[in-house]
Amino acid sequence: QVQLVESGGGSVQAGDSLRLSCAASGLTFSWLSLGWFRQAPGKDRELLAAISWRDEVTYPVDSVQGRFTISRDNAENTVYLQMNSLKPEDTATYYCAADVKRNPERYAYWGLGTQVTVSS
């Protein structure tokens, strides 16, 4: 069983930066593909960024490309989401997810989320 714990959320002003962290345990971290999702009230959950166990990175959402960067540190069992130039529309609960598949369509393991609030 994989446990995921997000941290780093908070309340910031538009234009600020945040770095989210997600610490994983329960399985060899380097075997995991990881993703960062977010969900705003009344909206569907969306995949923002993904990194496979082969370090292949994708950013499916156009609105975060060039502003958000996913990275992983296998020695620290942690995946990060660096978020720059934050906008009020980035306000949401952010979740990390993990799976042993290289490019999972559905992730098997989820964290509880961390809140990000961006004010104008």
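Trainee: What should I keep in mind before I start?

Mentor: The model is predicted, so local features need pLDDT of at least 70 and side-chain atom pairs count only at pLDDT 80 or more, while totals for chains, interfaces and linings use all residues. Residues are numbered from 1 along each chain as its sequence is written, and side-chain values use heavy atoms, with hydrogens and water left out.

Trainee: How many aromatic pairs does the structure hold?

Mentor: Rings of Phe, Tyr and Trp (its six-membered ring) pair if their centres lie within 6.5 Å; planes under 30 degrees apart are stacked, over 60 edge-to-face, and the rest tilted. Here there are three aromatic pairs. One of them joins phenylalanine 37 and tryptophan 110, tilted at 55° with 4.7 Å centre to centre.

Trainee: Why is the pair said to tie parts together?

Mentor: Phenylalanine 37 belongs to strand β4 (residues 33-39) and tryptophan 110 to strand β10 (residues 109-110), so the pair links parts 73 residues apart in sequence. Strands here are DSSP runs (E, at least two residues), numbered from the N terminus.

Trainee: Is phenylalanine 37 buried or exposed?

Mentor: Buried means under 20% relative accessible area, exposed over 50%, and partly exposed in between (1.4 Å probe, protein chains only). Phenylalanine 37 is buried at 10%, and tryptophan 110 is partly exposed at 29%.

Trainee: Which residue lies over the face of tryptophan 110?

Mentor: A charge sits over a ring if NZ of Lys or CZ of Arg is within 6 Å of the ring centre and within 35 degrees of the ring normal. Arginine 45 does this for tryptophan 110, at 4.0 Å, and for phenylalanine 37, at 5.7 Å.

Note on methods. Helices (H or I, at least four residues) and strands (E, at least two) are DSSP runs, numbered from the N terminus.
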